[in-house]
Structures are given as structure tokens and as C-alpha cells.
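Visitor: I am new to reading protein models, and I would like to be taken through this one step by step. Could you answer a few questions as we look?

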Amino acid sequence: MSLVARQLEAAGLPTVVIGSARDIVEECGVARFLFSDFPLGNPCGVPYDRAMQRAIVGHALDLLETATLPRTTVQSPFRWSDDASWKERYARVDPARTEGLREAGEARRAAQARTKEKGGSA
Amino acid sequence: MTTAHRTFVSYIDRTREFYAALGYERPYQWAHHEEVPFAPLAKPLATCRVAVVTTASPPGTHARPGSLRAGKAVWSGPVDPAPERLFTDHLSWDKEATHTEDVESFLPLAALGSFVASGRIGSVAPRFHGVPTDYSQRRNVEEDAPEILRRLREDAADVALLVPL
């Protein structure tokens, strides 16, 4: 998505990205970025919390007006919850499961190779 | 194995470690650019037409196992009525911590509608657009991004709100 943002900006169309993968967006480099420090999936706010969602979109609109330089990141003031343990859990490699993960990876590579043989794209 | 060095999650580090554990030898090369284009807002936001772009796919999409690119191409949907559900199973959102049943949490059409009503923005573009998440940055750059730009121009959008899941 950041790659799309860059092309729109280069064509003269202002953009703002609302996202939760801060390092990926900033590494790519975009003009304006509103960072929601939430689990991936709900960058515009906690599900069904309309007031929060409206506030976050409002901050993104503010950014369209106030940013004067590219790579402007603003962090949304909202916290996901008092419990931040989701940050540790996402895609974390559990040392007790490494054998299982390697087997899953091998099965996946075999499936991808079969797809390729059939002429599809993985 | 590793400790967190930041208060936010580094998805680049996390996915590198995860795919290494799966036995993939070469880490994914995330896009990186030194130069970043910047288009200043050309007119007051209160007169702007705002468009939304998502990484979600149309409802009813079926992803093959192991396939990231469930939706093969850029797609568009009407903002009125807003979709009640979009297909997101193929995307890497945090399936333990949350869910995507509330479309408004990633496609904020009601929020934008309220800003039209209050006069903060001029209007919402009649369609939102979907861009596939692709392992291939080349396809994103050469095919998807120009097509999104073409559709935004067709809709006379002045600014775009881009919301990756």
C-alpha cells in the first residue's frame, strides 16, 4: 500500500496512510502516516467504537492539512488496551515449536512447488 | 529469542524470524526508498473529494492455501451502501488479538460521511478501491498503483486515505 501512496503523491495526489505496521510503512517511505499502535487489522479504531474511529480519521484529515514535508508520522493517541501482551504474541517463534514450524514450512514449499508445476502462481 | 527494542512491534524483524523458523533461507526484502514524493494539498479540505483505498478483497473471495494474492487485481466497490463484510482471511492481521467483522475499523466510510455532514471535507468519492497485497513489489508498482491512480482520477478524487490492514 505504501508503494501505491508513493505513486499517487508523485502524480500530484495527496495521500495519508492510516496503518499499524509502523516499521514497514516508514521503511518504504510515505508522505503522511497516521500510526495506530494497534494489532494489525483495525487501524481505524477498535471494532464498533465509532467515536474512536471518527477521531482517528479526523487525525488523518488533520495530517493532510498540516504536514509540510514527506515522512511525516503522527501517532494516534489511542491505546488498544491496558494489556499490551498482543505485541509479544504476534508471529512469535516459540522455541518449543521450532520443529513443527520447520515441518510446516516444508509442507508449504512442497505445495507451492506443486502450484508452480500446474502453471499457477503461488 | 529476541527482545523488543521498540515500544511498537517491528513486523520486519518478526516476519524475518518467523520465516527463518519455517526454513526459508532468504529473508523478504521490504521496500525501501531514500526519496519520498510529497504532493501538497492544493485546495481547502472542505472542498476536497476524499477516496479510500483498502487491502481487503471483495466478499466471497476464496484464497488458495499459501496464496497471498487472493484478489488478483485492483477492484472497486460502491461506498453507498457501504459493504457489510469484506474478505480479509488471506491478510496478515492479528487473528489472535482481534477480528475484522467491523468493516468500519479498516474502511472508515461512516466516519468520512460524518465529516462530510460537518463540512470538514467536501465529499466522499463514490467508490472505494481495493489493492491486492502482493509478494511482488514489481506488480504493485507497475500494475496496481497506476490502476488505482487511474480510478481515483476517474472518480475526480482530490485526496486519498490509504488503509492497509
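Visitor: What percentage of the 122 residues in chain A is buried?
Guide: This is a predicted model, and every value here is computed from it. A residue counts as buried if 20 or more other C-beta atoms lie within 10 Å of its own. Among the 122 residues of chain A, the buried share is 39%.

Visitor: Is chain A more spread out or more compact than the globule rule gives for its 122 residues?
Guide: Along its principal axes, the C-alpha trace of chain A spans about 50 × 40 × 25 Å. The globule rule gives 14 Å for 122 residues, whereas the radius of gyration of chain A is 19 Å, which is well over that value, so chain A is more spread out than a compact globule.

Visitor: In what pattern do the helices and strands of chain A follow one another along the sequence?
Guide: Chain A has five helices and three strands. Read along the sequence, they follow the pattern α-β-α-β-α-β-α-α.

Visitor: Which residues of α2(B) do the residues of α3(A) meet?
Guide: The crossing of these two helices, α3(A) and α2(B), is right-handed. By class, their contact has six nonpolar, two polar and two charged residues. From α3(A), A:Arg50, A:Gln53, A:Arg54, A:Val57 and A:Leu61 meet B:Ala110, B:Ala111, B:Leu112, B:Ser114 and B:Phe115.

Note on methods. Residues numbered from 1 in each chain as written. Chains lettered and ligands numbered in written order. Predicted model: local features only at pLDDT ≥ 70, side-chain atom pairs only at ≥ 80, totals over all residues. Left-handed = near helix turned anticlockwise from the far one by under 90°. Helix = DSSP H or I, 4+ residues; strand = E, 2+ residues; numbered from the N terminus. Contact = placed C-beta atoms within 7 Å. Nonpolar A, V, L, I, M, F, W, Y, C, P; charged D, E, K, R; others polar. Rg over C-alpha atoms; globule rule 2.2 N^0.38 Å. Buried ≥ 20, exposed ≤ 12 C-beta atoms within 10 Å, placed from the backbone.
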